[in-house]
Amino acid sequence: MNAALSWLESLLVLAGLLSPLMLPMLYFLLYRPKRRDGLASPIDSLDARAARPSFFQRWHCGLKVACLLATCFLFISPRGLAVCLADVAIALLATALSRPSWRRVLARLAAMSGFLTMLLLMLPFSGAVQAGEPTYSLAFLPDSLPLRLSGLGAATLIILKATAVALLMEPMLSTATLADTLHGFRQLGVPASLTQMLLLCHRYIFVFQHEAARMWRGMRLRGFVAGANAASLFAIGNFLGMLFVRSFERTQRVYEAMLCRGFTGEMPRAAAPPMTARDALKALFWLALAVSPLVTEMYFADFMRFLGE
Amino acid sequence: MDGYEQHSGHIACENLRFCYPDGALAIEKATIAINHHERVALVGRNGSGKSTLMRLLSGLLPCQDGAIFYRGAIVAKKNTPTPLAGMGILFQDPDDHLFCNTVFEDVVFGLFNQGKSAEECRIIAMRQLTAVGLADKADMPPHVLSHGQKKRAALAAVLAMAPELLLLDEPAAGLDPSQIEAIAAILAEYSGTLIVIDHDLPFLARLCCRAVVLADGRIRHDMDMAELMRHPHNLREHGLDFTFRLTADQPPERDKRHRHYQPRHDHSNGLAHQNCQVEVPPIIELQHFSYHYPDGTRALFDINLGVQAGEKVALIGENGAGKSTLAACLLGLRLGNGQYFHHGQEARPQNRRDLWRRVGMVFQDNADQLFCPSCREEVAFGPRWMRLAQDEISRRVAVALAAVGLSGYEERVPLHLSGGERKRLAIASALAMEPELLILDEPTAGLDPAGQEILLRILENIRAAFLLITHDLFFARRLCSRAVLLHHGEIIRDDTSADFFNKIDNSYILS
């Protein structure tokens, strides 16, 4: 069952396939003009808003991380379009409840948009057409490359799942200090060495950024312009090499400073506040909410079919 | 144990010798004993072995030869860095110490490792942060603090552990006099044994009663601090000379008058123009120029500043006054609001991108502008991007290296040069572009007095105009014909050097 689309219809379909690219455009429109002086905008600290009271901020950190991680796995398991849409709605609600930096939320989604667009452009046009499967021929493509609805559906499901999980990162990572969040991950069995490295990375990425910005400025002040030529690549190679050397030397000094203050391989921290009944109730409520679309799909198939129609 | 058994005193070493893996001899036959509660200054030129000796005494470097005694007993030799218990060590770069995600976490880090309870840690940390004036910054991430605040936070993190022996590597480096005052006041309260490395002798003289002078890895003098200060020939011999620094506790009122080299407007709000007509327009001029950081913080306000060809101008002000931001604006790196003139023509923001051809810059931390594998490459970098002919590039490299006394260093690796040599290389790399105006940001920072003397001679011979950003009043007075004082982003004095230093009122302390 192949239907030929007109030029106008084909262009509309193409616009739909390229729609994830609107996210970076939106980000650019909303936030880019604020950079007036051409310098790199500072990286926001991941836990800059950790002190803002919210549903998630007041939740026991370990339990919160466990519940939201479980939610991520729940969200990537269902198959129906309506369930995925419900999952995105729940993730959006969770994000709003966490009182996030919408700039960072949009930046995170925009960062995924290239990959998602590739999926939308590839999946509908790849794979063998099954007998009786509805397909559409776009005006600017040969008939041998029809658009498959099943492929389009699969790509859409992946995009919705990815979006839901990406949205959940905000309540998971930004509603407590990074040390607390990583401690929550440790309670789930993540190795201590990994969480320590993440903590140090988060601290020193700002130092690294400042060093890189100062060095880049030093190059620009001596006429350097980045381009696709040998001289430019040579200069960038030197720049990266020197950044590496400086970072390596700093690593050594930081390690020594840690040793001087009694470091024995474990980052010390105050004991986390104990879990309360309120935290457990929150967990129950949250898991019930998160699992509800999947349960609905499994046990109320007729209702879901109705929604699908 | 190699014939060494025990030693009186708090910490001591005998016949200490240390070579780096590349064979460079850093410490040779060092013997020293420091008593409990003694305050010792370790002084000497850059590369004399001060930091290496400190790291050896603290256990961060393995003792290769000789012996170290701590609390009267010999320290067992180990191949891995093992800091000795009860010591507090502060490195030069505070970012090395602040490795946690908030200042509070950094201060409690050592306390937790000492096995203290959470409540004890909290009380001690807040008391220590209050003592260094950072109680309100406890929950802030370290990267948002200023350099001076980071230094104080790092010191608080070390002092919180109540060390019986404190080793400090250049605690006053890169700080303005008011911040140095704050650090000195904190250290004055410390009652344990103190070993301090610094180039600022007046600062050391306030803290220490004994001076150990190192040269080429050997201990040359071990004397009373006051005696060292009284004997200029000792200072001269080891490149130790005073730097003069400036602090302001009550800034003078802002002058209602300001000058433009090419006034193109009038004022009706009480401001007035000084007559300053010149035949040749200045190289650059800012008129009523302001700059705000992206977060809205005011950095510069109503700046009126011009620099004539060949003029030497000192830009003075405390940390955070806006000096480096003003330099970035002059270089066209930051845009801001107001008028920017270049040779009398208004430079639109899009045209300021080409200013690098005429305005050179030497950064405070020269590691920020040295990234090439050889000195020749480093100096040739700018001329090469100016698309000059190879012959001209070679000529400029040779002239620039000769001007800073680095002829023959062409194939040396910049990373392996000493601090003073790297600073001179950074100046050569800017001079090779033959700028009309050179901006020097704290050129004396981290240099020993001998290195500063060489730098002084180099700067005296530069023909191009330069803007010298400095806390060092001696350099400003010696090199510059004009001095500009910046305070909280505003120019509050702009005079000839003679008038500036004559008129300076008693609120300025020359130390």
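Trainee: Which domains is chain A divided into?
Mentor: In this predicted model, chain A is divided into domain 1, which covers 2-185 + 276-308, and domain 2, which covers 193-260.

Trainee: And how many Å apart do the C-alpha centres of those two domains of chain A lie?
Mentor: The C-alpha centres of domain 1 and domain 2 of chain A lie 33 Å apart.

Trainee: Staying with chain A, at roughly what angle do the axes of H5 and H6 cross?
Mentor: Helix H5 (residues 102-122) of chain A and helix H6 (residues 149-173) of chain A have axes that cross at roughly 160° and come within 10 Å. Because angles over 145 degrees count as roughly antiparallel, H5(A) is roughly antiparallel to H6(A). The crossing in which H5(A) passes H6(A) is right-handed.

Trainee: Which residues meet there?
Mentor: From H5(A) the list includes A:Val105, A:Leu109, A:Met112 and A:Leu116, and among their counterparts in H6(A) are A:Ala155, A:Ile159, A:Ala162 and A:Ala166. Taken by class, the contact of H5(A) with H6(A) divides into 14 nonpolar, 1 polar and 3 charged residues.

Trainee: OK, over to chain B. What angle do H2 and H3 of chain B pack at?
Mentor: Helix H2 (residues 103-113) of chain B packs with helix H3 (residues 118-131) of chain B at an angle of about 125°, and their axes are 9 Å apart. H2(B) and H3(B) are therefore oblique to each other, and their crossing is right-handed. Among the residues that meet are B:Phe104, B:Val107 and B:Leu111 in H2(B), and B:Cys121, B:Arg122 and B:Ala125 in H3(B). By class, this contact of H2(B) with H3(B) has 12 nonpolar, no polar and 1 charged residues.

Trainee: And H12 with H13 of chain B, how many Å apart are their axes?
Mentor: Helix H12 (residues 419-431) of chain B and helix H13 (residues 449-460) of chain B have axes 10 Å apart and pack at an angle of about 15°, which means that H12(B) is roughly parallel to H13(B). Here the crossing is right-handed, and the contact is made by B:Lys423, B:Arg424 and B:Ile427 of H12(B) together with B:Ile454, B:Leu455, B:Ile458 and B:Leu459 of H13(B). The classes in that contact of H12(B) with H13(B) are 5 nonpolar, no polar and 2 charged residues.

Trainee: Sheets next. What order do the strands take in the open sheet of 4 strands in chain B?
Mentor: The order is S2-S1-S4-S5 in chain B, with antiparallel pairing, and the edge strands, each pairing on one side only, are S2 (25-34) and S5 (73-74) of chain B. Strand S1 (residues 11-19) of chain B pairs with S2(B) over 6 bridges, and B:Leu16 stands opposite B:Ala30 in S2(B).

Trainee: Which strands does helix H1 of chain B lie across?
Mentor: Helix H1 (residues 50-58) of chain B lies across S1, S2 and S4 (65-70) of chain B, and H1 runs at about 120° to S1(B).

Trainee: What about the open sheet of 6 strands in chain B, what kind of pairing does that have?
Mentor: The pairing is mixed, and the strands follow the order S6-S7-S8-S3-S9-S10 in chain B. S6 (87-90) and S10 (218-224) of chain B stand at the edges with a single partner strand each, so one side of each is left without a neighbour in the sheet. Neighbouring strands of this sheet are turned by 15° against each other on average, direction ignored.

Trainee: Which way do S7 and S8 of chain B run, parallel or antiparallel?
Mentor: S7 (residues 165-169) and S8 (residues 193-197) of chain B run parallel and are joined by 5 bridges, and B:Asp169 has B:Ile197 in S8(B) as its bridge partner.

How values were computed: Residues are numbered from 1 along each chain as its sequence is written. Chains are lettered from A and ligands numbered from 1 in the order in which they are written. This is a predicted model: local features need pLDDT of at least 70, side-chain atom pairs count only at pLDDT 80 or more; totals for chains, interfaces and linings use all residues. Side-chain values use heavy atoms; hydrogens and water are left out. Domain bounds come from an automatic or database domain assignment. Axes are lines fitted to C-alpha atoms, for helices over the stretch in contact, and angles run from 0 to 180 degrees between N-to-C directions. Helices (H or I, at least four residues) and strands (E, at least two) are DSSP runs, numbered from the N terminus. Angles under 35 degrees count as roughly parallel, over 145 as roughly antiparallel, 65 to 115 as roughly perpendicular and the rest as oblique. A crossing is left-handed if the near helix is turned anticlockwise from the far one by less than a right angle, and right-handed if clockwise. Contact means heavy atoms within 4.5 Å. Ala, Val, Leu, Ile, Met, Phe, Trp, Tyr, Cys and Pro count as nonpolar, Asp, Glu, Lys and Arg as charged, and the others, Gly among them, as polar. Two strands pair if DSSP finds at least two bridges between them.
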